Amino acid sequence: MLDLFADDPRAAPILAEASDVLGQDVFTVLRTDDAATLFANRTSQILCVTRGLVAAACLAPTMPFVVAGYSVGEMTAWGIAGIWSPERTLHLTAARAEAMDAASGTDDGLGFIRGLPRECVDALVARFGCAIAIVNPDLLFVIGGERTHVAQYTRTRAGHRARRYGACGRSGTRRPRHR
């Protein structure tokens with residue numbers, strides 16, 4: 001994830017700050033932490049933003065340039081654009097992830113379904129006590145709910161592309177009751 005930039009001196013201050021925010025060396029985290037830890041909101045968001053900041057610092061785009069992001073990618077984009085320093089970007093990213101965790105239940109999760117019309121997805125998320133978190137083009141929907149409900153939902157959709165995400169939380173979804 002970061003090996004390409006490990007020896008570039010332009011990456012060093014960002015990698016050092018990411019290590020500080022993570023509480024241990026970023027490369028140690030990547031080598032030794034288990035999948036659950038790597039996919040946890042705080043760790044994964046810090047790692048993703050670090051990767052973008054480091055890549056931009058090392059590739060040094062020429063001005064003017066356009067940068068955009070979605071979800072946690074917005075944090076990266078604002079940092080690359082110079083709205084915040086890389087240090088501030090990483091600290092705000094950690095705060096964002098912590099707020100998302102606080103808004104989510106301890107057993108929340110995400111999944112996706114591709115290939116069903118919106119009306120079918122709406123009916124299924126209601127049936128399984130989930131909610132649509134993100135609507136993407138090409139009939140791709142990200143859903144959120146309790147992990148067991150998301151798992152039930154994705155199992156029943158075996159004829160369509162559906163699976164659970166490794167990511168935690170569902171802070172972007174409402175909390176419907178399971179029926």
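Strands here are DSSP runs of E with at least two residues, helices are runs of H or I with at least four, and both are numbered from the N terminus.

A note on the source: this is a predicted model, where local features need pLDDT of at least 70 and side-chain atom pairs count only at pLDDT 80 or more, while totals for chains, interfaces and linings use all residues. Residues are numbered from 1 along each chain as its sequence is written, and side-chain values use heavy atoms, with hydrogens and water left out.

I looked up how β2 (residues 131-136) and β3 (residues 140-146) run: they pair in the antiparallel sense over 5 bridges. Pairing takes at least two DSSP bridges between the strands. Val135 has Phe141 in β3 as its bridge partner.

**Cores.** Next I checked the nonpolar cores, meaning sets of buried Ala, Val, Leu, Ile, Met, Phe, Trp, Tyr and Cys residues joined through side-chain atoms within 4.5 Å. Buried is under 20% relative accessible area, exposed is over 50%, and partly exposed is in between (1.4 Å probe, protein chains only). The largest core has 22 residues, and Leu15, Val26, Val54 and Leu90 have the most contacts inside it. Two or more residues each come from α1 (12-22), α2 (26-32), α4 (41-59), α5 (72-80) and α6 (86-103). α4 gives the most, with 7 residues.

Beyond its neighbours within four places in sequence, I found Leu2, Leu15, Ser19 and Leu47.

**Helix α6.** α6 has 18 residues and reaches 26 Å from first C-alpha to last, close to the 26 Å expected at 1.5 Å a residue. That expected span is 1.5 Å times one less than the number of residues. Which residues of α6 are buried? I noted Thr89, Leu90, Thr93, Ala94 and Ala97. They cover an arc of only 135° around the axis, so they sit on the same side of α6. The arc is taken from the directions from the helix axis to the C-beta atoms. Their cover includes α1, α4 and α5.

I then picked out Thr89, which is buried at a relative accessible area of 0%. Leaving out residues up to four places away in sequence, Thr89 touches Val49, Leu53, Met75, Gly79 and Trp84.

Key: Contact means heavy atoms within 4.5 Å.
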